[in-house]
Amino acid sequence: MSVLTIGQVRIHPGSATQEQALQEATDILVSAGAVTPAYVDAMRLREQTVSTFMGNGLAIPHGTNETKESILASGLSVVRYDGGVDWAGDQATFVIGIAGQGDEHLEILSQIAILFSDEDDVAKLNAAQTPDELFELLSAVNEG
């Protein structure tokens, strides 16, 4: 089961607000059949409790445990905002939306954390010119 397909990867030259980024992450996951539109509320709740900014320009919005019913399947959305997103005071370039059924989100989270903990990998992710290139760099998440 692939949690990420090329259609779930986007690159924007400009910036976005955190709210716009959460909505786009949700829209991509809805299109992929992973969540219901209500999942954006779960993401907002999570951000109110604790920021999902991880460092190295990465934010990984995901829902709270109370909102499992809005998750239909495990999936990811990956959006790079070259203009950045003000993420509660931090600067995010990558916003990776995560929907995981059961404990699958933990496995997905760890795959992404490993990728973004390596500065060389992050540099490659930032240098990718097309969604295809970005997808290739991220494809390890499907092998987990």
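**Briefing on strand pairing, a helix residue and a cavity**

Strand 2 (residues 15-16) and strand 5 run parallel and are joined by two bridges. The model is predicted: local features need pLDDT of at least 70, side-chain atom pairs count only at pLDDT 80 or more, and totals for chains, interfaces and linings use all residues. Residues are numbered from 1 along each chain as its sequence is written, and side-chain values use heavy atoms, with hydrogens and water left out. Helices (H or I, at least four residues) and strands (E, at least two) are DSSP runs numbered from the N terminus, and two strands pair if DSSP finds at least two bridges between them.

**Strand 5 and its partners**

- Strand 6 (residues 90-99) pairs with strand 5 in the antiparallel sense over nine bridges, with W87 opposite D90.
- Two residues lie between the strands in the hairpin of strand 5 and strand 6, where A88 takes a positive phi near 50°.

**I108 in helix 3**

- I108 belongs to helix 3 (residues 104-117).
- I108 counts as buried because its relative accessibility is 6%.
- Leaving aside residues up to four places away in sequence, I108 touches V3, S74, L76, I98 and A99; contact means heavy atoms within 4.5 Å.
- I108 and V85 are 23 residues apart in sequence, and their C-alpha atoms are 22 Å apart in space.

**The cavity**

- A search of the whole structure finds one cavity of 30 Å³ or more; a cavity is a set of points, on a 1 Å grid over the protein atoms alone, where a 1.4 Å probe fits but cannot get out.
- The largest cavity holds about 70 Å³ of space, a volume being the space filled by probe spheres set on the points, which are joined across faces, edges and corners.
- Its lining residues, which have an atom within 4 Å of a point, include Y39, R46, H62, I98, A99 and H105.
- Helix 2 (39-49) and strand 6 are the elements that give two or more residues to this lining.

Key:
Buried < 20%, exposed > 50% of the residue type's maximum accessible area, 1.4 Å probe, protein only. 1 Å grid on protein atoms, 1.4 Å probe; cavity = no way out; pocket = protein on both sides within 12 Å on 5 of 7 lines; lining within 4 Å.
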